[in-house]
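Trainee: Can you take me through the core and the aromatic side chains of this protein?

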Amino acid sequence: MEILQVPRGAVPWIAPTGLVAGQALRQLDRPLLAWRTEQRFDPAQCYDDNPAGSLTTPEREVRALGARAEWRMERIWLPDGEESEQDREAYESGCREICGRFLHPQCLDAYAELAYSLAGDPEDNPGQASSDEEREAITHGLEWAAAGVCVLQQSLPWPFTECLPYGEIDNRPAHRVLFAYAALLYRLHPRKAMAWFRALVYLSPLDNLGARLYFAAPKTSVGN
């Protein structure tokens, strides 16, 4: 059997075997649109003002890759109370029931928000889970983050090794759901999470929601 060699820094793949992911994909009318733009990420412009010693390992890897194409995502906006009545109605008309929750299957921000509401925001408690109750809550939240990642996977070619810049507003929900998955996974299985943080640095070297900081921390804090 041939073993596929996944390029270093590519966004990892999640098999949609979980209950939440399975229901989310069944409710998905179509994938979010994603397309390659005419813009290219230039590592020289990004890193030339930074001393080599100040870069993390993934950043040095990104610099060595050279220029790469940039992509842009379609976005489904999550209502935040400031939207028009028309926009709210448009969002709600696309909502479906997924594992007892009512949300738009294409809205990546909805999955990230649910993941944090169930597991807690990692910024408030970034360390590893310390009790069975905490691990159960994180596992539940991780299921929703994984479902959002599975939805995103339908839109991007795999393995995806190009750029999805966070500076483009419509790309941000993709980063938020990927970071939610990585940050919650880190609280349960730190080593497994590092491939996701590395992928976030590759996706958007200029702004990756602090993913690069996981490589700047002392190794003793990373855990097993």
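Mentor: We start with the core, then turn to the rings. This is a predicted model, where local features need pLDDT of at least 70, side-chain atom pairs count only at pLDDT 80 or more, and totals for chains, interfaces and linings use all residues. Residues are numbered from 1 along each chain as its sequence is written, and side-chain values use heavy atoms, with hydrogens and water left out.

Trainee: Is phenylalanine 179 buried or exposed?

Mentor: Exposed would need over 50% relative accessible area, with partly exposed in between. Phenylalanine 179 has 13% relative accessibility, so the residue counts as buried.

Trainee: How are the rings of phenylalanine 179 and tyrosine 214 arranged?

Mentor: Rings of Phe, Tyr and Trp (its six-membered ring) pair if their centres lie within 6.5 Å; planes under 30 degrees apart are stacked, over 60 edge-to-face, the rest tilted. Here the centres are 6.5 Å apart and the planes stand at 70 degrees, so the pair is edge-to-face.

Trainee: Which residues do ring pairs link into a cluster?

Mentor: The count comes to eight aromatic pairs. Ring pairs join these residues into a cluster: Phe179, Tyr186, Phe197 and Tyr214.

Note on methods: Buried means under 20% relative accessible area, exposed over 50%, partly exposed in between (1.4 Å probe, protein chains only).
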